[in-house]
Amino acid sequence: MSLNAAYTPVQEWTDSIVRLYEIKEALEKNEVEQAKTLVEAEINSKGKFAAVQQRVQRLYPEFVTTIGEMLDQGKISKLMWQIGYCLQLNMTPLETSKILRTTNRSVSVMACKLRKLGVLEAVKK
């Protein structure tokens with residue numbers, strides 16, 4: 001699975017630059033602890049998501065193909081793609097938001113969209 005036309009390497013690079021500027025600004029203001037926190041958050045979120053991604057790829061190869069195609073076709077964003085992976089493992093929106101550094105509400109909204117697209121199964125009541 002390729003990581004797509006919809007979310008280009010340039011966009012990923014831009015996201016990384018934004019996070020690096022946050023760290024740089026904290027250091028310029030002598031907010032060393034804030035800078036450390038930002039760096040640790042970035043390292044932890046990348047590592048935790050990598051573990052989620054590996055597990056989903058092993059357990060749900062069909063899901064990986066489907067969501068990868070949606071990403072490649074530009075039907076979903078990279079964040080929706082990541083959220084889909086987390087939710088496929090039955091993680092809660094709160095757990096997912098902590099790993100991906102987004103809001104609980106964003107996770108819920110994007111989960112709804114993924115269900116409408118047929119990428120995720122409907123919530124069983």
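## Asn104 and its surroundings

Leaving aside residues up to four places away in sequence, Asn104 touches Pro93, Leu94 and Ser97, where contact means heavy atoms within 4.5 Å. The C-alpha atoms of Asn104 and Leu94 are separated by 5.2 Å, although the two residues are ten apart along the chain. Asn104 lies in helix H6 (residues 104-116); helices (H or I, at least four residues) are DSSP runs, numbered from the N terminus. With a relative accessible area of 35%, Asn104 is partly exposed. Buried means under 20% relative accessible area, exposed over 50%, and partly exposed in between (1.4 Å probe, protein chains only).

## Basis of the model

This is a predicted model, in which local features need pLDDT of at least 70 and side-chain atom pairs count only at pLDDT 80 or more, while totals for chains, interfaces and linings use all residues. Residues are numbered from 1 along each chain as its sequence is written, and side-chain values use heavy atoms, with hydrogens and water left out.

Helix H4 (residues 78-88) is mostly covered, as ten of its eleven residues are buried. Among them are Trp81, Ile83, Tyr85 and Leu87. The helix is followed by Asn90, which has a positive phi, near 65°.

The largest nonpolar core has 25 residues, of which Phe49, Val52, Phe63, Ile76 and Tyr85 touch the most other members. Helices H2 (32-59), H3 (61-72), H4, H5 (93-100) and H6 each supply at least two residues of this core, and H4 gives the most, with six residues. A nonpolar core is a set of buried Ala, Val, Leu, Ile, Met, Phe, Trp, Tyr and Cys residues joined through side-chain atoms within 4.5 Å. Phe49 touches Trp81, Gln82, Tyr85, Cys86, Ile99 and Leu100, not counting residues up to four places away in sequence.

## Salt bridges

The whole structure contains two salt bridges, each being a side-chain nitrogen of Lys or Arg within 4 Å of a carboxyl oxygen of Asp or Glu. One joins Glu28 to Lys24, with the closest N and O atoms 3.0 Å apart. Both residues lie in helix H1 (residues 9-28), four residues apart, about one turn of the helix. Glu28 is exposed, at 57% relative accessible area, whereas Lys24 is partly exposed, at 42%.

Lys36 forms a salt bridge with Glu33, and here the closest N and O atoms are 3.6 Å apart. Lys36 and Glu33 both belong to helix H2 and are three residues apart. An α-helix has 3.6 residues a turn, so residues three or four places apart point the same way.
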